[in-house]
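Me: Hi! Could you walk me through this one?

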Amino acid sequence: MSNDYNSSSFKKLLDKLQQESWQLELLISGFAIFGLFQVMNPLKEELTKAIGNDDFIYGFFIQTIYPALSILLVVLLIHVILRGVWIGALGLRYVSNEIDYDELQYSKKFTEHLTKKVGSFDRYISRLENICSTLFAIAFLMVFYFMAYMLVIGFYTLIINLMEITGLLSREQQVMFNVYWALFYFSFALLIFIDFIGMGILKKGSLRPKIYYPVYRFFSIVTLSFLYRPLVYNFLDQKRTKWLATFILPTYLLISFLLSSFSKQHSNYLTPNTDSSSIYANTSNYEDVINKSEDLIDFATIPSKVITTSYLPLKIPFTTFKENAVFNQDSTLKPTKDERGYGFNGKSMSIPGLTFSLSNNKNLDEQKKYLNVVNAMYDIIIDSTAIEKEFIYTTNSSGRLQFETFLDISRINKGKHLLHIIGPQGDNELFKKKIKIDTLVTIPFWHFKD
């Protein structure tokens, strides 16, 4: 078989496949819908882990891919339903052929109206066919749109991370580079967006295309547009579908934004999803009720609202800010080169069948000094009584670093109590604010000895 797209045999093959494409559409849609239903919950869990571990790059990737797959799932479901209607219409046509408006014996006015608006049954089947084929194509085009968005942001982040890894710039120079790079990069990205919304407005005329062409070429490489560019322009050269291809993504974002603020208010005074306090217990502070696939852990957690032992386990998840606060308390612990974030680790490398690893343990004395600062930073108070504590560090079931201690509560009375954690608040590195000491979290619990 010749693959020359200009040959008559290849065109005949395409015409034949086009007529039978509905079978492939249903087959692909069925497998895709099944797979998407299987992957959505694991993606939610991965997003929760990424946010909890301060893994912003991985979290951004999941946050971008999740709505793209959600759109794909919804559009494919609609496609399957409409294809079902189309197949049903074909079966009905075999039985009853065309619509006989004279047989209905309606008045002349309604007969003329229905003949004009409804038309022939074959026209209805043809319109269904066009809608189904368009929906199937637009579903995957939307995925490519989100992929392009992710790649644009990803390239911006990649350059910043590469500059940080190389260590060519000081802390102050790196901040200035990030600002100027963002202004430069996203100014050109805005031109791409304007051209997208304007359906190629910057490609028209005589002067604008000459200026815009280098920007277009650069972002074509960044977004891998060669994979889906023919789909886009095939939509844009048709009057009806060009509006769908252009505004379906902005419409989705607008609807998502509006729906995110729409919710049912149960009470005029009682509001859920607030921080724990003396009158409200947020589930994110209690390990036995945290939904690990959806809930984010708050500043600190205890095992349960009801404690029946003479001790109270307390865990504080590690965050970048907490380490910055340690550096603010003891500047001697701040390294000359910040090793946090993504980078190449020469102490642990492997290829299939061979692993090369060197000891990556930090100096034990430095770790003890680090933990001493952490212990000095936080005060633990139950009701109005200061409680002795000694934090060590460990990891949870998701591999996230956390500080852990066990509090002696053998002398407190039965009933309700309030656990207060007092420590530094604010981020001196990022916002140039003074770090102040404040109550970071208040967790209510009930103590009943066995």
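Me: Great, so how much of the protein is buried?
Reply: Of its 450 residues, 32% are buried, where buried means under 20% relative accessible area, exposed over 50%, and partly exposed in between, with a 1.4 Å probe and protein chains only. Bear in mind that this is a predicted model: local features need pLDDT of at least 70, side-chain atom pairs count only at pLDDT 80 or more, and totals for chains, interfaces and linings use all residues. Residues are numbered from 1 along each chain as its sequence is written, and side-chain values use heavy atoms, with hydrogens and water left out.

Me: How many helices and strands are there?
Reply: The protein has 13 helices and 10 strands. These are DSSP runs numbered from the N terminus, helices being H or I with at least four residues and strands being E with at least two.

Me: And what share of the contacts comes from residues 24 or more positions apart?
Reply: Among contacts with a separation of 6 or more, such residues account for 62%. Contact here means heavy atoms within 4.5 Å.

Me: Switching to aromatics, how many pairs turn up?
Reply: A search of the whole structure gives 20 aromatic pairs. One of them joins W181 and Y185, which are tilted, with 5.0 Å centre to centre and 35° between the planes. The rule is that rings of Phe, Tyr and Trp (its six-membered ring) pair if their centres lie within 6.5 Å; planes under 30 degrees apart are stacked, over 60 edge-to-face, and the rest tilted.

Me: Where do W181 and Y185 lie?
Reply: Both are in helix α7 (residues 171–197), 4 residues apart, which is about one turn of the helix.

Me: Why does W181 count as buried, and what about Y185?
Reply: W181 counts as buried because its relative accessibility is 14%. Y185 is also buried, because its value is 2%.

Me: Which residues do ring pairs link into a cluster with them?
Reply: The cluster holds F155, Y156, W181, F184, Y185, F186, F188, F218 and F219.

Me: Which charges lie over a ring face?
Reply: R83 lies over the face of W86, 4.7 Å from the ring centre, and K305 lies over the face of Y286, at 5.7 Å. The test is NZ of Lys or CZ of Arg within 6 Å of the ring centre and within 35 degrees of the ring normal.

Me: Back to α7, what else is in that helix?
Reply: Q174 is found there. Q174 is buried, with a relative accessible area of 7%. Leaving aside neighbours within four places in sequence, Q174 is in contact with I160, M163, E164 and L169.

Me: New topic: where is R400, and is it buried or exposed?
Reply: R400 is in the loop between β7 (392–395) and β8 (401–408). It is buried, at 11% relative accessible area. R400 and A50 are 350 residues apart in sequence and 9.7 Å apart in space, C-alpha to C-alpha.

Me: What about D338, where is that one?
Reply: D338 is in the loop between α11 (320–329) and β3 (348–351). D338 is partly exposed, with a relative accessible area of 43%. From D338 to I165 there are 173 residues in sequence and 9.1 Å in space, C-alpha to C-alpha.

Me: Nice, that covers my list. Thanks!
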